[in-house]
2 protein chains.
Amino acid sequence: MTERRKTPIELKHVPAHMCSTDLRLEILSRVPFFAVLPPHDLAKVNQRFHEKGFSAEEYIYYEGDPAFSLFVVADGRVKLIRHTVSGKDVMLDLLTPGEFFGSLSHLEQELNAETAQAQTNACILTIEKSEFHKILDSFPGVAMAVLEITSRRLNAAQEMIRQISAYSVEKRLAFTLLRLADKFGKNSDVGLLIEVPLSRDDLAQMTGTTTESASRVLSQFHKQGLIESGRQWIAVTDRLALERLAGD
Amino acid sequence: MTERRKTPIELKHVPAHMCSTDLRLEILSRVPFFAVLPPHDLAKVNQRFHEKGFSAEEYIYYEGDPAFSLFVVADGRVKLIRHTVSGKDVMLDLLTPGEFFGSLSHLEQELNAETAQAQTNACILTIEKSEFHKILDSFPGVAMAVLEITSRRLNAAQEMIRQISAYSVEKRLAFTLLRLADKFGKNSDVGLLIEVPLSRDDLAQMTGTTTESASRVLSQFHKQGLIESGRQWIAVTDRLALERLAGD
DNA sequence: CGCTGCCTTGATCTTCTTCAAAACGTGTGG
DNA sequence: CCACACGTTTTGAAGAAGATCAAGGCAGCG
(Lines give C-alpha, C1' and ligand atoms only; values in the text may rest on other atoms or scores of the structure.)
Protein backbone atom coordinates (compact mmCIF):
# COMPACT_ATOMS: atom_id res chain seq x y z
CA MET A 1 0.00 0.00 0.00
CA THR A 2 3.03 2.24 -0.20
CA GLU A 3 2.85 5.12 -2.58
CA ARG A 4 6.00 4.38 -4.50
CA ARG A 5 4.98 5.11 -8.06
CA LYS A 6 8.06 6.16 -9.99
CA THR A 7 9.13 3.58 -12.50
CA PRO A 8 11.84 1.39 -11.05
CA ILE A 9 12.69 -0.20 -14.39
CA GLU A 10 16.03 0.78 -15.80
CA LEU A 11 16.21 0.22 -19.50
CA LYS A 12 19.86 -0.28 -20.17
CA HIS A 13 19.38 -1.78 -23.59
CA VAL A 14 21.42 -0.87 -26.60
CA PRO A 15 20.49 2.28 -28.44
CA ALA A 16 18.47 1.53 -31.50
CA HIS A 17 20.34 0.60 -34.67
CA MET A 18 23.48 -0.15 -32.76
CA CYS A 19 24.22 -3.78 -32.12
CA SER A 20 27.77 -4.48 -31.20
CA THR A 21 29.25 -6.94 -33.66
CA ASP A 22 31.73 -8.10 -31.10
CA LEU A 23 29.05 -9.39 -28.81
CA ARG A 24 27.41 -11.59 -31.39
CA LEU A 25 29.44 -14.69 -30.76
CA GLU A 26 28.91 -14.45 -27.06
CA ILE A 27 25.18 -14.04 -27.55
CA LEU A 28 24.88 -16.93 -29.97
CA SER A 29 26.68 -19.18 -27.54
CA ARG A 30 23.95 -18.45 -25.04
CA VAL A 31 21.16 -19.35 -27.45
CA PRO A 32 19.91 -22.66 -26.06
CA PHE A 33 20.05 -24.52 -29.33
CA PHE A 34 23.53 -23.37 -30.26
CA ALA A 35 24.94 -24.08 -26.83
CA VAL A 36 25.46 -27.69 -27.93
CA LEU A 37 27.96 -26.64 -30.59
CA PRO A 38 31.73 -26.66 -30.13
CA PRO A 39 33.38 -23.20 -30.51
CA HIS A 40 34.69 -23.85 -33.98
CA ASP A 41 31.26 -24.73 -35.35
CA LEU A 42 29.69 -21.86 -33.49
CA ALA A 43 32.04 -19.45 -35.23
CA LYS A 44 30.93 -20.85 -38.58
CA VAL A 45 27.31 -20.50 -37.62
CA ASN A 46 27.94 -16.96 -36.50
CA GLN A 47 29.04 -16.00 -39.97
CA ARG A 48 25.66 -16.86 -41.40
CA PHE A 49 23.88 -14.36 -39.21
CA HIS A 50 23.29 -10.69 -39.83
CA GLU A 51 22.35 -8.18 -37.18
CA LYS A 52 19.89 -5.36 -37.09
CA GLY A 53 18.85 -2.80 -34.47
CA PHE A 54 15.26 -1.77 -33.78
CA SER A 55 13.83 1.07 -31.73
CA ALA A 56 11.17 0.44 -29.14
CA GLU A 57 7.76 0.06 -30.80
CA GLU A 58 9.31 -0.60 -34.19
CA TYR A 59 7.92 -3.50 -36.18
CA ILE A 60 10.26 -6.31 -37.19
CA TYR A 61 7.80 -8.01 -39.50
CA TYR A 62 4.06 -8.15 -40.05
CA GLU A 63 1.54 -10.93 -39.91
CA GLY A 64 0.69 -11.99 -43.44
CA ASP A 65 3.95 -10.88 -45.03
CA PRO A 66 6.12 -13.48 -46.77
CA ALA A 67 8.46 -15.13 -44.26
CA PHE A 68 12.09 -15.25 -45.29
CA SER A 69 14.11 -15.44 -42.12
CA LEU A 70 14.57 -16.74 -38.68
CA PHE A 71 15.37 -14.24 -35.93
CA VAL A 72 17.17 -14.40 -32.63
CA VAL A 73 16.84 -11.79 -29.92
CA ALA A 74 20.31 -10.58 -28.99
CA ASP A 75 19.30 -7.71 -26.75
CA GLY A 76 16.02 -6.15 -25.66
CA ARG A 77 12.47 -7.51 -25.64
CA VAL A 78 10.36 -8.57 -28.59
CA LYS A 79 6.64 -9.24 -28.57
CA LEU A 80 4.74 -11.53 -30.89
CA ILE A 81 1.19 -10.46 -31.69
CA ARG A 82 -1.76 -11.64 -33.72
CA HIS A 83 -4.22 -9.04 -34.86
CA THR A 84 -7.97 -9.43 -35.04
CA VAL A 85 -10.56 -7.85 -37.32
CA SER A 86 -12.01 -5.91 -34.40
CA GLY A 87 -8.61 -4.33 -33.80
CA LYS A 88 -8.11 -6.20 -30.54
CA ASP A 89 -4.60 -7.61 -30.60
CA VAL A 90 -3.51 -10.79 -28.88
CA MET A 91 0.03 -11.09 -27.51
CA LEU A 92 1.33 -14.62 -27.88
CA ASP A 93 4.76 -14.26 -26.38
CA LEU A 94 7.29 -11.83 -25.03
CA LEU A 95 10.84 -12.79 -25.88
CA THR A 96 14.12 -12.25 -24.10
CA PRO A 97 17.70 -12.50 -25.41
CA GLY A 98 18.54 -15.98 -26.66
CA GLU A 99 15.03 -16.78 -27.89
CA PHE A 100 14.19 -17.24 -31.54
CA PHE A 101 11.16 -16.31 -33.61
CA GLY A 102 10.10 -16.11 -37.24
CA SER A 103 9.91 -18.91 -39.70
CA LEU A 104 11.10 -22.43 -39.06
CA SER A 105 9.42 -24.05 -42.00
CA HIS A 106 11.55 -24.68 -45.04
CA LEU A 107 8.53 -24.14 -47.24
CA GLU A 108 8.88 -21.25 -49.58
CA GLN A 109 5.68 -19.26 -49.95
CA GLU A 110 5.11 -19.27 -46.23
CA LEU A 111 3.57 -16.21 -44.60
CA ASN A 112 4.25 -14.85 -41.15
CA ALA A 113 1.61 -16.12 -38.77
CA GLU A 114 2.13 -13.22 -36.39
CA THR A 115 3.56 -9.73 -36.11
CA ALA A 116 6.86 -9.17 -34.34
CA GLN A 117 7.42 -5.85 -32.63
CA ALA A 118 10.29 -4.52 -30.55
CA GLN A 119 9.00 -3.84 -27.05
CA THR A 120 12.21 -2.05 -26.10
CA ASN A 121 15.17 -0.99 -28.18
CA ALA A 122 16.47 -4.26 -29.45
CA CYS A 123 19.25 -5.96 -31.33
CA ILE A 124 18.12 -8.83 -33.51
CA LEU A 125 20.17 -11.44 -35.32
CA THR A 126 18.71 -12.75 -38.55
CA ILE A 127 19.44 -15.68 -40.79
CA GLU A 128 17.92 -16.76 -44.08
CA LYS A 129 15.57 -19.70 -43.80
CA SER A 130 17.64 -21.73 -46.22
CA GLU A 131 20.86 -20.95 -44.36
CA PHE A 132 19.30 -21.99 -41.11
CA HIS A 133 18.24 -25.27 -42.63
CA LYS A 134 21.77 -25.94 -43.70
CA ILE A 135 22.73 -25.57 -40.06
CA LEU A 136 19.96 -27.89 -38.95
CA ASP A 137 21.11 -30.45 -41.48
CA SER A 138 24.75 -30.16 -40.47
CA PHE A 139 24.18 -30.27 -36.73
CA PRO A 140 21.45 -32.67 -35.66
CA GLY A 141 21.92 -31.61 -32.05
CA VAL A 142 20.71 -28.15 -32.97
CA ALA A 143 17.61 -29.56 -34.65
CA MET A 144 16.82 -31.59 -31.55
CA ALA A 145 17.16 -28.54 -29.34
CA VAL A 146 14.89 -26.52 -31.61
CA LEU A 147 12.34 -29.33 -31.46
CA GLU A 148 12.52 -29.36 -27.69
CA ILE A 149 11.88 -25.62 -27.48
CA THR A 150 9.05 -25.75 -29.98
CA SER A 151 7.40 -28.54 -27.98
CA ARG A 152 7.59 -26.47 -24.85
CA ARG A 153 6.04 -23.52 -26.63
CA LEU A 154 3.26 -25.76 -27.89
CA ASN A 155 2.66 -26.87 -24.33
CA ALA A 156 2.57 -23.27 -23.12
CA ALA A 157 0.11 -22.30 -25.87
CA GLN A 158 -2.16 -25.19 -24.98
CA GLU A 159 -2.01 -24.22 -21.35
CA MET A 160 -3.09 -20.74 -22.37
CA ILE A 161 -6.05 -22.23 -24.24
CA ARG A 162 -7.13 -24.03 -21.11
CA GLN A 163 -6.84 -20.86 -19.08
CA ILE A 164 -8.81 -18.64 -21.42
CA SER A 165 -11.44 -21.30 -21.95
CA ALA A 166 -12.15 -22.04 -18.35
CA TYR A 167 -10.80 -19.48 -15.91
CA SER A 168 -11.79 -16.00 -14.83
CA VAL A 169 -9.87 -12.88 -15.79
CA GLU A 170 -8.63 -12.66 -12.22
CA LYS A 171 -7.13 -16.16 -12.26
CA ARG A 172 -5.62 -15.62 -15.71
CA LEU A 173 -3.99 -12.37 -14.71
CA ALA A 174 -2.56 -13.94 -11.59
CA PHE A 175 -1.17 -16.75 -13.70
CA THR A 176 0.25 -14.39 -16.29
CA LEU A 177 1.96 -12.26 -13.65
CA LEU A 178 3.57 -15.36 -12.19
CA ARG A 179 4.89 -16.44 -15.58
CA LEU A 180 6.23 -12.96 -16.23
CA ALA A 181 7.83 -12.87 -12.81
CA ASP A 182 9.54 -16.20 -13.51
CA LYS A 183 10.87 -15.02 -16.83
CA PHE A 184 11.59 -11.34 -16.23
CA GLY A 185 11.50 -11.01 -12.47
CA LYS A 186 14.35 -9.47 -10.55
CA ASN A 187 14.47 -8.75 -6.87
CA SER A 188 14.35 -5.06 -6.09
CA ASP A 189 13.27 -2.76 -3.29
CA VAL A 190 9.68 -2.81 -4.55
CA GLY A 191 9.53 -6.61 -4.67
CA LEU A 192 9.97 -9.04 -7.54
CA LEU A 193 10.12 -6.53 -10.36
CA ILE A 194 9.11 -7.56 -13.87
CA GLU A 195 11.81 -6.02 -16.02
CA VAL A 196 9.79 -5.14 -19.09
CA PRO A 197 7.78 -1.98 -19.68
CA LEU A 198 4.27 -3.46 -19.58
CA SER A 199 1.14 -1.37 -19.92
CA ARG A 200 -2.30 -2.46 -18.75
CA ASP A 201 -3.10 -2.94 -22.39
CA ASP A 202 -0.17 -5.31 -22.83
CA LEU A 203 -1.39 -7.38 -19.92
CA ALA A 204 -4.88 -7.39 -21.38
CA GLN A 205 -3.53 -8.64 -24.70
CA MET A 206 -1.66 -11.40 -22.93
CA THR A 207 -4.67 -12.64 -20.98
CA GLY A 208 -7.43 -12.22 -23.51
CA THR A 209 -9.30 -9.38 -21.87
CA THR A 210 -9.70 -5.59 -22.12
CA THR A 211 -7.53 -2.78 -20.80
CA GLU A 212 -10.24 -1.75 -18.35
CA SER A 213 -10.75 -5.23 -16.94
CA ALA A 214 -7.02 -5.70 -16.54
CA SER A 215 -6.78 -2.36 -14.76
CA ARG A 216 -9.63 -3.22 -12.40
CA VAL A 217 -8.13 -6.56 -11.44
CA LEU A 218 -4.67 -5.07 -10.93
CA SER A 219 -6.14 -2.37 -8.71
CA GLN A 220 -7.74 -5.10 -6.66
CA PHE A 221 -4.45 -7.03 -6.49
CA HIS A 222 -2.79 -3.88 -5.26
CA LYS A 223 -5.41 -3.36 -2.56
CA GLN A 224 -4.85 -6.95 -1.47
CA GLY A 225 -1.14 -6.30 -1.21
CA LEU A 226 -0.20 -8.78 -3.92
CA ILE A 227 1.55 -6.35 -6.24
CA GLU A 228 3.10 -2.92 -6.50
CA SER A 229 2.67 -1.13 -9.78
CA GLY A 230 2.71 2.09 -11.68
CA ARG A 231 2.84 3.39 -15.19
CA GLN A 232 4.22 0.58 -17.35
CA TRP A 233 5.68 -1.45 -14.52
CA ILE A 234 4.61 -4.16 -12.11
CA ALA A 235 6.30 -5.92 -9.21
CA VAL A 236 5.03 -8.98 -7.39
CA THR A 237 5.09 -8.49 -3.63
CA ASP A 238 3.25 -11.61 -2.47
CA ARG A 239 4.02 -14.49 -4.73
CA LEU A 240 2.44 -17.17 -2.58
CA ALA A 241 -0.88 -15.35 -2.40
CA LEU A 242 -0.84 -14.90 -6.17
CA GLU A 243 -0.18 -18.58 -6.64
CA ARG A 244 -3.05 -19.44 -4.35
CA LEU A 245 -5.27 -17.14 -6.39
CA ALA A 246 -4.14 -18.62 -9.69
CA GLY A 247 -5.08 -21.95 -8.19
CA ASP A 248 -1.97 -23.77 -9.17
CA MET B 1 -34.45 -27.61 -43.09
CA THR B 2 -34.98 -31.24 -44.04
CA GLU B 3 -35.86 -33.55 -41.23
CA ARG B 4 -33.19 -36.14 -41.83
CA ARG B 5 -31.94 -36.98 -38.38
CA LYS B 6 -30.65 -40.55 -38.38
CA THR B 7 -26.92 -40.82 -37.90
CA PRO B 8 -25.18 -41.15 -41.24
CA ILE B 9 -21.82 -41.99 -39.70
CA GLU B 10 -20.65 -45.52 -40.24
CA LEU B 11 -18.00 -46.54 -37.77
CA LYS B 12 -16.05 -49.19 -39.49
CA HIS B 13 -13.10 -49.10 -37.13
CA VAL B 14 -11.37 -52.16 -35.74
CA PRO B 15 -13.00 -53.85 -32.82
CA ALA B 16 -11.38 -52.88 -29.55
CA HIS B 17 -8.26 -54.76 -28.52
CA MET B 18 -7.72 -56.08 -31.99
CA CYS B 19 -5.13 -54.35 -34.10
CA SER B 20 -3.98 -56.30 -37.05
CA THR B 21 -0.23 -56.76 -36.81
CA ASP B 22 -0.01 -57.14 -40.54
CA LEU B 23 -1.20 -53.63 -41.16
CA ARG B 24 1.40 -51.97 -38.97
CA LEU B 25 4.02 -51.48 -41.61
CA GLU B 26 1.54 -50.04 -44.02
CA ILE B 27 0.29 -47.64 -41.37
CA LEU B 28 3.76 -46.53 -40.34
CA SER B 29 4.64 -45.81 -43.93
CA ARG B 30 1.74 -43.37 -44.01
CA VAL B 31 2.90 -41.54 -40.89
CA PRO B 32 4.17 -38.26 -42.29
CA PHE B 33 7.49 -38.34 -40.52
CA PHE B 34 8.29 -41.90 -41.43
CA ALA B 35 7.32 -41.45 -45.04
CA VAL B 36 10.82 -40.13 -45.69
CA LEU B 37 12.40 -43.46 -44.78
CA PRO B 38 13.39 -46.13 -47.30
CA PRO B 39 11.54 -49.48 -46.85
CA HIS B 40 14.46 -51.21 -45.18
CA ASP B 41 14.78 -48.58 -42.46
CA LEU B 42 11.05 -48.43 -42.04
CA ALA B 43 11.01 -52.15 -41.28
CA LYS B 44 13.61 -51.63 -38.60
CA VAL B 45 11.62 -48.78 -37.11
CA ASN B 46 8.52 -50.93 -37.18
CA GLN B 47 10.15 -53.45 -34.89
CA ARG B 48 10.51 -50.87 -32.15
CA PHE B 49 6.77 -50.26 -31.96
CA HIS B 50 4.18 -52.14 -29.98
CA GLU B 51 0.47 -52.02 -30.62
CA LYS B 52 -2.52 -51.80 -28.37
CA GLY B 53 -6.27 -51.63 -28.93
CA PHE B 54 -8.63 -49.31 -27.06
CA SER B 55 -12.40 -49.23 -26.87
CA ALA B 56 -14.30 -46.02 -27.51
CA GLU B 57 -14.21 -43.78 -24.43
CA GLU B 58 -11.25 -45.66 -22.97
CA TYR B 59 -8.39 -43.59 -21.60
CA ILE B 60 -4.92 -44.05 -23.08
CA TYR B 61 -3.13 -41.95 -20.48
CA TYR B 62 -3.95 -39.26 -17.97
CA GLU B 63 -2.77 -35.71 -17.54
CA GLY B 64 -0.24 -35.62 -14.73
CA ASP B 65 0.91 -39.23 -15.03
CA PRO B 66 4.57 -39.91 -15.83
CA ALA B 67 5.14 -39.89 -19.58
CA PHE B 68 7.03 -42.89 -20.92
CA SER B 69 6.04 -43.25 -24.52
CA LEU B 70 5.20 -41.72 -27.81
CA PHE B 71 1.99 -42.89 -29.51
CA VAL B 72 0.82 -43.07 -33.10
CA VAL B 73 -2.80 -43.47 -34.10
CA ALA B 74 -3.09 -46.47 -36.41
CA ASP B 75 -6.86 -46.62 -36.59
CA GLY B 76 -9.74 -44.72 -35.03
CA ARG B 77 -9.91 -41.27 -33.45
CA VAL B 78 -8.13 -40.03 -30.36
CA LYS B 79 -8.88 -36.87 -28.46
CA LEU B 80 -6.44 -34.87 -26.34
CA ILE B 81 -7.97 -33.11 -23.37
CA ARG B 82 -6.89 -30.86 -20.54
CA HIS B 83 -9.01 -30.89 -17.43
CA THR B 84 -9.82 -27.90 -15.26
CA VAL B 85 -10.57 -27.62 -11.55
CA SER B 86 -14.19 -26.71 -12.30
CA GLY B 87 -14.59 -29.97 -14.19
CA LYS B 88 -14.89 -28.21 -17.53
CA ASP B 89 -12.64 -30.05 -19.97
CA VAL B 90 -10.88 -28.46 -22.91
CA MET B 91 -10.26 -30.49 -26.06
CA LEU B 92 -6.97 -29.56 -27.67
CA ASP B 93 -6.98 -31.85 -30.63
CA LEU B 94 -8.74 -34.70 -32.33
CA LEU B 95 -6.36 -37.08 -34.03
CA THR B 96 -6.69 -39.28 -37.05
CA PRO B 97 -4.57 -42.24 -38.21
CA GLY B 98 -0.95 -41.26 -38.89
CA GLU B 99 -0.81 -38.57 -36.20
CA PHE B 100 1.35 -38.85 -33.11
CA PHE B 101 0.82 -37.81 -29.52
CA GLY B 102 2.41 -38.30 -26.13
CA SER B 103 5.85 -37.33 -25.06
CA LEU B 104 8.51 -35.97 -27.37
CA SER B 105 10.87 -34.75 -24.72
CA HIS B 106 13.78 -36.96 -23.85
CA LEU B 107 13.65 -35.72 -20.29
CA GLU B 108 12.92 -38.41 -17.78
CA GLN B 109 10.58 -37.28 -15.04
CA GLU B 110 8.29 -35.62 -17.51
CA LEU B 111 4.55 -35.72 -16.86
CA ASN B 112 1.77 -35.89 -19.42
CA ALA B 113 0.48 -32.41 -20.10
CA GLU B 114 -2.89 -33.71 -21.26
CA THR B 115 -5.20 -36.70 -21.16
CA ALA B 116 -5.53 -38.93 -24.21
CA GLN B 117 -8.82 -40.72 -24.75
CA ALA B 118 -10.06 -42.96 -27.53
CA GLN B 119 -13.00 -41.24 -29.21
CA THR B 120 -13.83 -44.39 -31.18
CA ASN B 121 -12.45 -47.88 -30.98
CA ALA B 122 -8.83 -47.38 -31.83
CA CYS B 123 -5.58 -49.09 -32.53
CA ILE B 124 -2.55 -47.30 -31.17
CA LEU B 125 1.14 -47.91 -31.83
CA THR B 126 3.48 -47.11 -28.98
CA ILE B 127 7.20 -46.69 -28.65
CA GLU B 128 9.40 -45.97 -25.66
CA LYS B 129 10.67 -42.44 -25.47
CA SER B 130 14.29 -43.60 -25.49
CA GLU B 131 13.68 -45.85 -28.48
CA PHE B 132 12.09 -43.03 -30.38
CA HIS B 133 15.06 -40.82 -29.68
CA LYS B 134 17.35 -43.45 -31.12
CA ILE B 135 15.29 -43.20 -34.29
CA LEU B 136 15.49 -39.42 -34.28
CA ASP B 137 19.25 -39.63 -33.88
CA SER B 138 19.66 -42.18 -36.63
CA PHE B 139 17.39 -40.48 -39.14
CA PRO B 140 17.68 -36.70 -39.18
CA GLY B 141 14.96 -36.50 -41.81
CA VAL B 142 12.50 -37.89 -39.31
CA ALA B 143 13.49 -35.30 -36.72
CA MET B 144 12.97 -32.52 -39.25
CA ALA B 145 9.52 -33.83 -40.13
CA VAL B 146 8.57 -34.04 -36.46
CA LEU B 147 9.74 -30.46 -36.02
CA GLU B 148 7.65 -29.35 -38.98
CA ILE B 149 4.52 -30.98 -37.56
CA THR B 150 5.13 -29.58 -34.09
CA SER B 151 5.52 -26.10 -35.56
CA ARG B 152 2.23 -26.43 -37.35
CA ARG B 153 0.54 -27.52 -34.18
CA LEU B 154 2.01 -24.55 -32.36
CA ASN B 155 0.61 -22.32 -35.04
CA ALA B 156 -2.81 -23.94 -34.73
CA ALA B 157 -2.77 -23.55 -30.95
CA GLN B 158 -1.88 -19.88 -31.24
CA GLU B 159 -4.64 -19.37 -33.76
CA MET B 160 -7.01 -20.91 -31.24
CA ILE B 161 -5.80 -18.44 -28.62
CA ARG B 162 -6.62 -15.57 -30.94
CA GLN B 163 -10.06 -16.98 -31.59
CA ILE B 164 -11.01 -17.56 -27.98
CA SER B 165 -9.58 -14.20 -26.94
CA ALA B 166 -11.33 -12.08 -29.47
CA TYR B 167 -14.21 -13.77 -31.26
CA SER B 168 -17.76 -14.70 -30.36
CA VAL B 169 -18.91 -18.25 -29.76
CA GLU B 170 -20.71 -18.13 -33.08
CA LYS B 171 -17.56 -17.25 -35.04
CA ARG B 172 -15.48 -19.81 -33.14
CA LEU B 173 -17.96 -22.58 -33.79
CA ALA B 174 -18.12 -21.73 -37.47
CA PHE B 175 -14.34 -21.83 -37.58
CA THR B 176 -14.14 -25.12 -35.68
CA LEU B 177 -16.70 -26.75 -37.96
CA LEU B 178 -14.67 -25.70 -40.98
CA ARG B 179 -11.47 -27.16 -39.55
CA LEU B 180 -13.28 -30.39 -38.70
CA ALA B 181 -14.78 -30.52 -42.17
CA ASP B 182 -11.32 -30.13 -43.68
CA LYS B 183 -9.86 -32.89 -41.58
CA PHE B 184 -12.74 -35.35 -41.25
CA GLY B 185 -15.16 -34.24 -43.93
CA LYS B 186 -16.50 -36.65 -46.52
CA ASN B 187 -19.08 -35.95 -49.13
CA SER B 188 -22.35 -37.73 -48.45
CA ASP B 189 -26.01 -37.32 -49.23
CA VAL B 190 -26.44 -35.00 -46.23
CA GLY B 191 -23.57 -32.75 -47.27
CA LEU B 192 -19.97 -32.64 -46.15
CA LEU B 193 -20.19 -35.09 -43.30
CA ILE B 194 -17.75 -34.90 -40.38
CA GLU B 195 -16.79 -38.51 -39.81
CA VAL B 196 -16.36 -38.51 -36.06
CA PRO B 197 -19.05 -39.01 -33.46
CA LEU B 198 -19.15 -35.49 -32.00
CA SER B 199 -21.55 -34.46 -29.29
CA ARG B 200 -22.53 -30.86 -28.54
CA ASP B 201 -20.38 -31.19 -25.50
CA ASP B 202 -17.35 -32.18 -27.60
CA LEU B 203 -17.87 -29.11 -29.77
CA ALA B 204 -18.18 -26.97 -26.66
CA GLN B 205 -14.89 -28.35 -25.34
CA MET B 206 -13.22 -27.57 -28.63
CA THR B 207 -14.41 -23.96 -28.76
CA GLY B 208 -14.18 -22.97 -25.13
CA THR B 209 -17.88 -22.66 -24.39
CA THR B 210 -20.69 -24.65 -22.76
CA THR B 211 -22.84 -27.47 -24.11
CA GLU B 212 -25.92 -25.26 -24.07
CA SER B 213 -24.28 -22.39 -25.93
CA ALA B 214 -22.92 -24.78 -28.55
CA SER B 215 -26.38 -26.29 -28.96
CA ARG B 216 -28.01 -22.89 -29.35
CA VAL B 217 -25.55 -21.78 -32.01
CA LEU B 218 -25.82 -25.05 -33.91
CA SER B 219 -29.61 -24.77 -33.88
CA GLN B 220 -29.25 -21.34 -35.36
CA PHE B 221 -26.81 -22.63 -38.00
CA HIS B 222 -29.34 -25.30 -38.87
CA LYS B 223 -32.16 -22.76 -39.21
CA GLN B 224 -29.90 -20.76 -41.52
CA GLY B 225 -29.31 -23.83 -43.63
CA LEU B 226 -25.58 -23.97 -42.94
CA ILE B 227 -25.49 -27.44 -41.41
CA GLU B 228 -27.41 -30.64 -41.00
CA SER B 229 -27.01 -32.43 -37.71
CA GLY B 230 -28.35 -34.90 -35.23
CA ARG B 231 -27.28 -36.87 -32.24
CA GLN B 232 -23.50 -37.02 -32.34
CA TRP B 233 -23.09 -36.04 -35.97
CA ILE B 234 -22.79 -32.92 -38.05
CA ALA B 235 -22.57 -32.22 -41.77
CA VAL B 236 -21.72 -28.91 -43.40
CA THR B 237 -24.23 -28.02 -46.10
CA ASP B 238 -23.19 -24.47 -46.92
CA ARG B 239 -19.45 -24.12 -46.59
CA LEU B 240 -19.20 -20.68 -48.15
CA ALA B 241 -21.75 -19.18 -45.81
CA LEU B 242 -19.94 -20.70 -42.85
CA GLU B 243 -16.67 -19.23 -44.05
CA ARG B 244 -18.29 -15.85 -44.39
CA LEU B 245 -19.59 -16.16 -40.86
CA ALA B 246 -16.21 -17.22 -39.49
CA GLY B 247 -14.88 -14.11 -41.17
CA ASP B 248 -11.92 -15.73 -42.76
C1' DC C 1 3.27 24.28 -17.30
C1' DG C 2 0.57 22.28 -20.40
C1' DC C 3 0.31 18.30 -23.51
C1' DT C 4 0.01 13.42 -24.42
C1' DG C 5 -0.72 8.98 -23.31
C1' DC C 6 -1.66 5.79 -19.56
C1' DC C 7 -4.39 4.50 -15.85
C1' DT C 8 -8.60 4.39 -13.01
C1' DT C 9 -13.36 4.21 -11.89
C1' DG C 10 -18.32 4.35 -12.59
C1' DA C 11 -22.55 3.13 -15.15
C1' DT C 12 -24.65 0.59 -18.54
C1' DC C 13 -25.25 -3.09 -21.66
C1' DT C 14 -24.24 -7.38 -24.03
C1' DT C 15 -22.87 -11.92 -24.16
C1' DC C 16 -22.60 -16.00 -22.26
C1' DT C 17 -23.18 -19.13 -18.37
C1' DT C 18 -26.04 -21.41 -15.21
C1' DC C 19 -30.02 -23.76 -13.73
C1' DA C 20 -34.02 -26.18 -14.96
C1' DA C 21 -37.12 -28.94 -17.54
C1' DA C 22 -38.87 -31.00 -21.45
C1' DA C 23 -38.24 -33.40 -26.02
C1' DC C 24 -35.90 -36.43 -28.77
C1' DG C 25 -32.88 -40.62 -30.66
C1' DT C 26 -30.87 -44.55 -30.13
C1' DG C 27 -30.09 -49.00 -28.50
C1' DT C 28 -32.10 -52.57 -25.52
C1' DG C 29 -34.92 -56.12 -23.83
C1' DG C 30 -39.30 -57.79 -23.74
C1' DC D 1 -41.37 -55.15 -33.66
C1' DC D 2 -42.60 -52.16 -30.06
C1' DA D 3 -41.99 -49.75 -25.78
C1' DC D 4 -39.00 -48.34 -22.41
C1' DA D 5 -34.88 -46.14 -20.55
C1' DC D 6 -30.86 -43.62 -21.00
C1' DG D 7 -28.05 -40.10 -22.57
C1' DT D 8 -28.11 -36.23 -25.73
C1' DT D 9 -30.12 -32.19 -27.33
C1' DT D 10 -33.07 -28.26 -27.11
C1' DT D 11 -35.14 -24.26 -25.17
C1' DG D 12 -36.40 -20.93 -21.63
C1' DA D 13 -35.50 -17.78 -17.88
C1' DA D 14 -32.49 -15.76 -14.64
C1' DG D 15 -28.07 -14.35 -13.37
C1' DA D 16 -23.08 -13.22 -13.61
C1' DA D 17 -18.99 -11.88 -15.71
C1' DG D 18 -16.94 -9.01 -18.45
C1' DA D 19 -17.11 -5.54 -22.46
C1' DT D 20 -18.18 -1.09 -23.75
C1' DC D 21 -18.82 3.75 -23.20
C1' DA D 22 -17.54 7.79 -20.84
C1' DA D 23 -15.05 10.91 -17.97
C1' DG D 24 -11.59 12.32 -14.95
C1' DG D 25 -6.82 11.85 -12.83
C1' DC D 26 -2.01 11.30 -12.95
C1' DA D 27 2.87 10.71 -14.69
C1' DG D 28 6.37 12.03 -17.52
C1' DC D 29 8.16 15.01 -21.08
C1' DG D 30 9.03 18.77 -24.01
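Two residues are in contact when they have heavy atoms within 4.5 Å of each other. Keep that in mind as you explore this predicted model.

**Stop 1: a helix pair in chain B.** Select helix α5 (residues 169-184) and helix α7 (residues 211-223) of chain B; they pack at an angle of about 70 degrees, with their axes 10 Å apart. Angles of 65 to 115 degrees count as roughly perpendicular, so α5(B) and α7(B) are roughly perpendicular to each other. Now show side chains. From α5(B), Val169(B), Glu170(B), Leu173(B), Ala174(B) and Leu177(B) meet Ala214(B), Val217(B), Leu218(B), Gln220(B) and Phe221(B) of α7(B). This contact is made up of 8 nonpolar residues, 1 polar and 1 charged.

**Stop 2: a sheet in chain A.** Next, colour the four strands of the open sheet in chain A, which run in the order β2-β7-β4-β5 with antiparallel pairing. At the edges you will find β2 (59-61) and β5 (90-95), each with a single partner strand, so one side of each has no neighbour in the sheet. On average, neighbouring strands are turned by 30 degrees against each other, direction ignored.

Zoom in on β2(A) and β7(A) (residues 115-118), an antiparallel pair joined over 2 bridges. Pick Tyr59(A), and look for its bridge partner Gln117(A) in β7(A).

Then bring in chain B: its helix α4 (residues 140-166) packs on this sheet, touching β4 (78-82) and β5 of chain A. The directions of α4(B) and β5(A) make an angle of about 130 degrees.

**Stop 3: both chains together.** Zoom out. A rotation of 180 degrees, with 0.0 Å of shift along its axis, superposes chain A on chain B with an RMSD of 0.0 Å. That is the relation of a two-fold axis. Finally, select the interface: 97% of the interface residues of chain A are also interface residues in chain B, so the copies meet through the same surface.

Conventions. Residues are numbered from 1 along each chain as its sequence is written. Chains are lettered from A and ligands numbered from 1 in the order in which they are written. This is a predicted model: local features need pLDDT of at least 70, side-chain atom pairs count only at pLDDT 80 or more; totals for chains, interfaces and linings use all residues. Side-chain values use heavy atoms; hydrogens and water are left out. Two strands pair if DSSP finds at least two bridges between them. Axes are lines fitted to C-alpha atoms, for helices over the stretch in contact, and angles run from 0 to 180 degrees between N-to-C directions. Copies are superposed by least squares on the C-alpha atoms of residues with pLDDT of at least 70 in both. Angles under 35 degrees count as roughly parallel, over 145 as roughly antiparallel, 65 to 115 as roughly perpendicular and the rest as oblique. Ala, Val, Leu, Ile, Met, Phe, Trp, Tyr, Cys and Pro count as nonpolar, Asp, Glu, Lys and Arg as charged, and the others, Gly among them, as polar.
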